[in-house]
Amino acid sequence: MRLAVASLILLLAGCGGQDRESALPAPEATEVALVAPRTTIAPPPGCSTAVQPFVPTEITITGVDVPVMALGRDENNVPGVPPLGAKFDVAWDAPGVQPGSSRGNVLLNTHTWPDGSALGNRFLDQLQQGDRFVLRNGEVSVCYRVTERTEVSIENPPLDRVYDEEGPAQAVLIVCSGTRTGPGQWTHRTLWFATPLD
């Protein structure tokens, strides 16, 4: 039952966006500029400082610092996604595995928009195997290296693998991809699996 409910996150995670006519206003100039050229920032050696699990509040990824929202699950136990207007935020599955844990997957998601203007679009364009990102809360951090990027059909998602809470520690970032078939509906999900670095 848990995996059947969990499959909904792969059907919903990061699938924001509305038709252009009903889209929310453009972000203020202080928001992340999604058209900026790619800048790869490699975390320095020893950048992981966590000695115990923590709640992430920020992620540095694809050259930008982005807020992380700790979101609960809905009545069906489905992890939350950022509000539609939060095109530049990342959601962390708050009741799930925390960064710094010795086992299991830290689940993260962000929006993909059909006009290419959301953070998920930037990840689809830029985030590749071997790239690094950092989850942090103040001075506490865990650095990750992407070990795999894969696109899966919503009809056959690898649920056991994504929702693993007992396997080796890693982070999984989920965004919508493939073909948009309607508002909030996409044919695929792109998954990035990342392992912690010392």
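Visitor: In what sense do β3 and β4 pair, and over how many bridges?
Guide: Strand β3 (residues 90–93) and β4 pair in the antiparallel sense over 2 bridges; strands count as paired if DSSP finds at least two bridges between them. Strands (E, at least two residues) and helices (H or I, at least four) are DSSP runs, numbered from the N terminus. This is a predicted model, in which local features need pLDDT of at least 70 and side-chain atom pairs count only at pLDDT 80 or more, while totals for chains, interfaces and linings use all residues. Residues are numbered from 1 along each chain as its sequence is written, and side-chain values use heavy atoms, with hydrogens and water left out.

Visitor: What stands opposite Leu108 in β7?
Guide: Leucine 173. β4 and β7 (residues 170–182) pair in the parallel sense over 5 bridges. Tryptophan 92 also stands opposite leucine 108.

Visitor: Is β4 mostly covered or open?
Guide: Mostly covered: 5 of its 5 residues (105–109) are buried, meaning under 20% relative accessible area, with exposed over 50% and partly exposed in between (1.4 Å probe, protein chains only). Asn105, Leu107 and Asn109 are on one side, Val106 and Leu108 on the other.

Visitor: Changing topic. Which residues have the most contacts inside the largest nonpolar core?
Guide: Ile59 and Phe133, in a core of 25 residues. A nonpolar core is a set of buried Ala, Val, Leu, Ile, Met, Phe, Trp, Tyr and Cys residues joined through side-chain atoms within 4.5 Å. A second, separate core of 9 residues includes Leu107 and Phe193.

Visitor: What is Ile59 in contact with, leaving aside neighbours within four places in sequence?
Guide: Among others, Val90, Leu108 and Phe133, where contact means heavy atoms within 4.5 Å.

Visitor: And how many aromatic pairs?
Guide: The count is 2, taking rings of Phe, Tyr and Trp (its six-membered ring) with centres within 6.5 Å; planes under 30 degrees apart are stacked, over 60 edge-to-face, the rest tilted. The rings of phenylalanine 123 and tryptophan 192 have centres 6.4 Å apart and planes at 80°, so that pair is edge-to-face. Phenylalanine 133 and tyrosine 144 have ring centres 5.2 Å apart and planes at 20°, so that pair is stacked. Both phenylalanine 133 and tyrosine 144 are buried.

Visitor: Which charged end sits over the ring of Trp113?
Guide: That of lysine 87, 4.6 Å from the ring centre. The rule asks for NZ of Lys or CZ of Arg within 6 Å of the ring centre and within 35 degrees of the ring normal. Arginine 161 lies over the face of phenylalanine 193, at 3.9 Å.
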